[in-house]
Amino acid sequence: MAFSPSGTLLASGGQDRTIRLWDLATGQECRKFLGHQGAVNSVAFSPDGKLLASGSWDKTVRLWRVGR
């Protein structure tokens, strides 16, 4: 899991091969990223909060645009 630099979002990755963004003010999922072929075991926001990096057991690292 990783908190966005603004502290308004939480990113989580899981065994279901997805990355989910959560709005911390509401507790609701606000976005889901699909694309990994294996479990997601790491996520990290860029310092400006515009990109999210994810690492997976499928031996790939992906970059995602966070824009809402």
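Modeller: Ile-19 is found in strand S3, where strands (E, at least two residues) and helices (H or I, at least four) are DSSP runs numbered from the N terminus. This is a predicted model, in which local features need pLDDT of at least 70 and side-chain atom pairs count only at pLDDT 80 or more, while totals for chains, interfaces and linings use all residues. Residues are numbered from 1 along each chain as its sequence is written, and side-chain values use heavy atoms, with hydrogens and water left out.

Ile-19 is buried, with a relative accessible area of 0%; buried means under 20% relative accessible area, exposed over 50%, and partly exposed in between, with a 1.4 Å probe and protein chains only. Not counting residues up to four places away in sequence, Ile-19 touches a set of residues that includes Phe-33, Val-40, Val-43, Leu-52, Ser-54 and Trp-64, contact being heavy atoms within 4.5 Å. Ile-19 and Gly-55 are 36 residues apart in sequence, yet their C-alpha atoms lie 10 Å apart in space.

Ile-19 also belongs to the largest nonpolar core, which has 12 residues in all, among them Leu-21, Phe-33, Val-40, Val-43 and Phe-45. A nonpolar core is a set of buried Ala, Val, Leu, Ile, Met, Phe, Trp, Tyr and Cys residues joined through side-chain atoms within 4.5 Å. The elements that give two or more residues to this core are strand S2 (9-13), S3 and S5, and the largest share, 3 residues, comes from S5. Leu-21, again leaving out residues up to four places away in sequence, touches residues including Leu-9, Ala-11, Glu-29, Phe-33, Phe-45, Leu-52 and Val-66.

Thr-18 has its place in strand S3 (residues 18-23), and at 7% relative accessibility Thr-18 counts as buried. Beyond its neighbours within four places in sequence, Thr-18 is in contact with Ser-12, Gly-13, Lys-32, Phe-33, Leu-34 and Val-40. The side chains of Thr-18 and Arg-20 are joined by a polar contact of 3.5 Å, a term for a pair of N or O atoms within 3.5 Å of which, within protein, one must be able to donate a hydrogen and the other to accept it, residues adjacent in sequence counting only if both atoms are side-chain atoms.

From Arg-20 the description passes to charged partners. The side chain of Arg-20 meets that of Asp-16 in a salt bridge (2.9 Å, N to O), meaning a side-chain nitrogen of Lys or Arg within 4 Å of a carboxyl oxygen of Asp or Glu. Arg-20 also meets Glu-29 in a salt bridge (2.8 Å, N to O). Asp-16 is partly exposed, at 40% relative accessible area, and Glu-29 counts as partly exposed at 33%. Salt bridges that share partners join Asp-16, Arg-20 and Glu-29 into one network.

S5 is joined to strand S6 (residues 51-56) by 5 bridges; Val-40 stands opposite Ser-56 in S6, and Val-43 opposite Ser-54.

Notes
Pairing = 2+ DSSP bridges.
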